[in-house]
Number of protein chains: 2
Amino acid sequence: MHVNLADKRVLITGGAGLIGSAIAMRLVGMKADVTVVDALLPQHGGNRRNLQDVADHIKMIVADLRDPAGVDGLVDGVDVVFNLAGQSSHLDSMTDPLADLDINSRAQVGILEALRRASPLAKVIFASTRQVYGRPRYLPVDEAHPVHPVDVNGINKLSGEWFHRLYHEVYGLQTSVLRLTNTYGPGMRIVDARQTFLGVWILHLLRGEPFEIWGGAQLRDFNYVEDVADAFLAAAVSDKADGRVFNLGSREVVSLRQVGEMLVDLNGGGRFEIRDFPEERRRIDIGDCHCDFAAIETTLGWQPRMSLRNGLQRTLEYYRHNMGHYA
Amino acid sequence: MHVNLADKRVLITGGAGLIGSAIAMRLVGMKADVTVVDALLPQHGGNRRNLQDVADHIKMIVADLRDPAGVDGLVDGVDVVFNLAGQSSHLDSMTDPLADLDINSRAQVGILEALRRASPLAKVIFASTRQVYGRPRYLPVDEAHPVHPVDVNGINKLSGEWFHRLYHEVYGLQTSVLRLTNTYGPGMRIVDARQTFLGVWILHLLRGEPFEIWGGAQLRDFNYVEDVADAFLAAAVSDKADGRVFNLGSREVVSLRQVGEMLVDLNGGGRFEIRDFPEERRRIDIGDCHCDFAAIETTLGWQPRMSLRNGLQRTLEYYRHNMGHYA
């Protein structure tokens with residue numbers, strides 16, 4: 001799909017994060033008018049380094065969208081919002097459920113209320129998660145699969161989804177929801193597993209330390225960040241996306257152990273240890289999970305292009321040269 | 001089902017409201033140790049008059065559960081929580097979505113967090129709503145019907161449900177959820193339609209003024225408050241309720257016009273006017289709705305006992321003599 005957002009006013013919430021920054025770079029390439037807002041919270045995915053190549057071509061606002069003052073004026077006259085600001089750690093959502101709620105649910109109401117008043121024709125693409133499905137009843141998980149969140153994060157992301165859908169149905173905002181699976185690539189948080197376990201695996205691997213795999217037999221699918229950016233851009237330019245919820249996903253389904261082995265192989269060395277789940281993680285683990293993306297493929301023509309092996313190779317290469325900015 | 005909660009420490013949130021006060025009176029009758037907490041917010045259903053007969057036998061706390069200080073210490077050592085505090089106006093949830101979220105979703109996390117720390121064995125019965133289903137795809141609506149909230153209230157009540165279910169699944173709290181249909185009876189708010197349209201109909205009828213019915217052909221089911229109190233008590237004493245979600249409902253399905261006619265007949269006079277939906281209500285109207293309660297009937301032995309005609313008669317009678325305390 002050819003995407004052209006030249007001269008469009010685009011806001012990216014969470015725009016210094018893994019996906020937001022990838023979208024920002026693509027938008028700058030097509031000469032869109034880009035504003036990034038990011039709270040740059042130390043536990044989250046935002047990192048100024050992710051935007052260094054486009055820093056002179058975007059407007060960067062450091063603000064927390066939980067604060068109404070952070071939202072005020074932000075969305076006036078905006079054409080497109082890539083709404084990625086969120087708390088993504090499942091474990092943190094259990095230890096601080098109110099913080100997760102305030103970011104993933106409450107702040108979304110603030111953004112949508114501001115949009116319906118100031119920019120009621122805006123396209124809004126909301127980053128949700130396949131975590132809303134909980135433990136899959138069948139695989140691959142499609143959008144008709146019942147939702148059953150197994151952690152606070154899943155509940156609040158589900159609320160965030162519903163608010164976006166409601167503001168489409170009641171007020172006509174052109175919202176759509178993408179349920180992301182494991183997204184990885186250059187720009188992800190690696191200092192811990194708060195954003196993705198792949199990050200901390202790569203950190204340890206590049207430091208020559210063993211990394212831990214909990215379980216190991218679980219099946220997962222992965223999307224490279226550029227593929228995910230493609231999906232957001234495709235949703236932003238299609239009327240067919242409005243009011244819809246789409247899974248992302250991949251047909252390349254692998255066990256965590258296989259991913260570990262692939263990383264060690266690509267790195268030309270290293271090792272991992274298979275561990276039992278810690279108790280607090282076991283309770284919110286979802287077992288095998290991979291997602292059916294036929295709906296977005298049929299509707300928007302999206303499919304992932306990057307193989308896991310090539311994507312991991314690029315990611316390793318990036319962190320070999322940029323480690324100091326992330327850990 | 002025989003319910004005995006003698007000497008049990010019971011907390012009723014929203015306990016000055018229609019259902020909470022009915023439960024309180026039943027509990028006092030069985031010599032339970034009852035604490036009622038209610039914010040007595042002017043737009044909500046709480047009314048001290050509802051508790052006048054048991055005021056000397058309960059502990060009454062006026063506190064807003066949105067305030068963490070309101071929750072502090074409240075649940076320590078409690079055996080049962082009837083968790084009814086909520087914002088029930090669909091229209092208000094659209095004009096002040098954050099207030100609805102803070103009460104129906106955010107405050108629930110505060111209550112559940114306090115419970116899992118202080119009283120992890122407590123039974124907790126959460127009052128939800130059939131509003132989470134949205135516009136029914138089939139009738140009667142059973143618990144397997146997909147949820148699709150059509151207003152902010154439905155989204156936040158759904159979150160409140162999920163939090164209760166999660167705290168059962170992860171922490172073992174003995175929670176259950178009742179999805180209420182239209183509940184009415186002595187003690188309901190009548191000054192406006194924020195709690196139930198029946199209230200304001202009865203207000204106008206008893207004042208000799210015409211009341212307005214919007215639409216009129218919509219089918220609905222109704223539960224008398226004592227029947228609903230029965231359901232809460234049944235859930236509180238059965239292990240089979242833990243982790244479950246149950247509809248309430250009635251097999252007596254009537255159109256709003258029929259309810260209006262029944263009220264006029266019972267009152268021995270009066271009239272109503274059929275009106276088109278105001279625009280802001282039309283957007284969040286759900287059309288016909290009535291609920292299948294086979295699950296709770298089979299599992300807990302609950303069924304509604306009061307006919308609509310008898311229930312409305314008692315309700316009219318109550319407000320004839322107590323109008324001054326409610327309007």
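This is a predicted model: local features need pLDDT of at least 70, side-chain atom pairs count only at pLDDT 80 or more; totals for chains, interfaces and linings use all residues.
**View 1. How the two copies are related.**

**View 2. Where chain A meets chain B.**
Here 30 residues of chain A touch 30 residues of chain B. Between them the chains bury about 2700 Å², and 66% of that is on carbon and sulfur atoms. A trio to pick out is A:Arg106, A:Ile155 and A:Trp162: they supply 22% of the area that chain A buries against chain B, more than any other three residues. Of the interface residues of chain A, 100% are also interface residues in chain B, so the copies meet through the same surface.

**View 3. Helices α4 and α5 of chain B, side by side.**
Helix α4(B) covers residues 97–118 and helix α5(B) covers residues 152–171; their axes come within 8 Å and cross at roughly 10°. Since angles under 35 degrees count as roughly parallel, that makes α4(B) roughly parallel to α5(B). On the α4(B) side, the residues in contact are B:Pro97, B:Asp100, B:Leu101, B:Asn104, B:Ser105, B:Gln108, B:Val109, B:Leu112, B:Glu113 and B:Arg116. Facing them from α5(B) are B:Val152, B:Asn153, B:Asn156, B:Lys157, B:Ser159, B:Gly160, B:Phe163, B:His164, B:Tyr167 and B:Tyr171. Sorted by class, this α4(B)–α5(B) contact has 8 nonpolar, 8 polar and 4 charged residues.

**View 4. Helices α8 and α11 of chain A, packed at an angle.**
This one takes in helix α8(A), residues 256–267, and helix α11(A), residues 308–322, which pack at about 55° with their axes 10 Å apart. The two are therefore oblique to each other, and α8(A) passes α11(A) in a right-handed crossing. From α8(A), the contact is made by A:Val259, A:Met262, A:Leu263, A:Asp265, A:Leu266 and A:Asn267. By class, the contact of α8(A) with α11(A) comes out at 7 nonpolar, 2 polar and 3 charged residues.

Conventions
Residues are numbered from 1 along each chain as its sequence is written. Chains are lettered from A and ligands numbered from 1 in the order in which they are written. Side-chain values use heavy atoms; hydrogens and water are left out. Axes are lines fitted to C-alpha atoms, for helices over the stretch in contact, and angles run from 0 to 180 degrees between N-to-C directions. Helices (H or I, at least four residues) and strands (E, at least two) are DSSP runs, numbered from the N terminus. Angles under 35 degrees count as roughly parallel, over 145 as roughly antiparallel, 65 to 115 as roughly perpendicular and the rest as oblique. A crossing is left-handed if the near helix is turned anticlockwise from the far one by less than a right angle, and right-handed if clockwise. Contact means heavy atoms within 4.5 Å. Ala, Val, Leu, Ile, Met, Phe, Trp, Tyr, Cys and Pro count as nonpolar, Asp, Glu, Lys and Arg as charged, and the others, Gly among them, as polar. Buried area is the accessible area (1.4 Å probe) that two parts lose on being put together, summed over both.
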